Amino acid sequence: MKALITFGKGPAAEYLEIARPSFEAFADAHGYTFRVYDPDPNPFWPIPWLKVACIQDALKDYDEVLWVDADIVITDPSEDLPVADDRAWQAMVVHHTQDGAVPNTGVWFCRRPMKRWLASLWEMHDYRNHPWWEQGALLAKMGYDSRARPITLGEPTELFLYTHFLTTEWNSHPWDEADHPRFRHATMHDDRAAVMREWAGAA
């Protein structure tokens with residue numbers, strides 16, 4: 001059993017309204033249950049961190065959970081994520097940017113072995129306000145120095161070794177665009193809603 005999950009709070013509510021039909025089409029095509037969360041604000045953790053709690057909750061009911069940020073449009077739903085290795089605990093795209101080679105949790109595939117790692121992220125209080133929020137903490141768990149610029153990979157951890165790295169078509173980023181994007185990420189655009197509407201219309 002697998003689920004595609006997301007949420008959109010504040011300005012991201014508009015993004016999700018634009019993106020939602022593409023999420024539903026992808027979920028229907030590939031056997032995902034589609035769930036939109038509405039997490040209660042946490043007085044300690046910034047909103048981006050709440051995706052960790054949503055994935056934890058979904059892994060109670062599903063063997064595989066695909067998190068997709070609300071500012072992503074799935075422009076080509078014809079294929080499912082190619083995570084054929086059933087030993088992988090998680091999968092994501094690594095973006096090659098001015099900050100280095102950065103794994104990105106905007107599209108974040110997790111299996112049940114990730115539950116203990118997700119729980120451990122909540123103990124990383126010194127990453128609460130990291131510029132990349134939960135992504136910065138996760139990278140540290142994988143063996144990266146996510147405070148350095150450019151970031152560097154030190155000693156790969158067990159989590160890194162059980163990570164499947166996807167090609168950029170599964171999270172095409174303005175700083176690292178794919179030739180044939182399937183999941184297009186509007187982050188870094190000045191008017192994300194306008195860009196997303198353009199992508200959704202073309203799809």
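Reader: Is D69 buried or exposed here?
Author: In this predicted model, D69 is buried, its relative accessible area being 15%.

Reader: And which residue does D69 form a salt bridge with?
Author: The partner of D69 is K51, and the closest N and O atoms of the two side chains lie 3.1 Å apart. The two residues come from distant parts of the chain, since D69 sits in the loop between β3 (64-68) and β4 (72-74) while K51 belongs to helix α2 (residues 50-58), 18 residues apart.

Reader: What about K51, buried or exposed?
Author: K51 is buried, with a relative accessible area of 5%.

Reader: Switching topic, how many salt bridges are there?
Author: The count comes to 19 salt bridges, and one of them joins R197 to E14 with 2.7 Å between the closest N and O atoms. R197 lies in helix α6 (residues 192-202) and E14 in helix α1 (residues 12-30), so this pair ties together parts that are 183 residues apart in sequence.

Reader: How accessible is R197, and what about E14?
Author: R197 counts as partly exposed at 46% relative accessibility, and E14 counts as partly exposed at 35%.

Reader: Where do D99 and R149 sit?
Author: D99 is in the loop between β5 (90-97) and β6 (100-111), whereas R149 is in the loop between β7 (144-145) and β8 (152-153), 50 residues apart. Their side chains meet in a salt bridge at 3.7 Å, N to O; D99 counts as buried at 18% relative accessibility, while R149 is partly exposed, with a relative accessible area of 38%.

Reader: Which residues are linked in a network of salt bridges?
Author: R35, D57, K60 and D61 are linked in such a network.

How values were computed. Residues are numbered from 1 along each chain as its sequence is written. This is a predicted model: local features need pLDDT of at least 70, side-chain atom pairs count only at pLDDT 80 or more; totals for chains, interfaces and linings use all residues. Side-chain values use heavy atoms; hydrogens and water are left out. A salt bridge is a side-chain nitrogen of Lys or Arg within 4 Å of a carboxyl oxygen of Asp or Glu. Helices (H or I, at least four residues) and strands (E, at least two) are DSSP runs, numbered from the N terminus. Buried means under 20% relative accessible area, exposed over 50%, partly exposed in between (1.4 Å probe, protein chains only).
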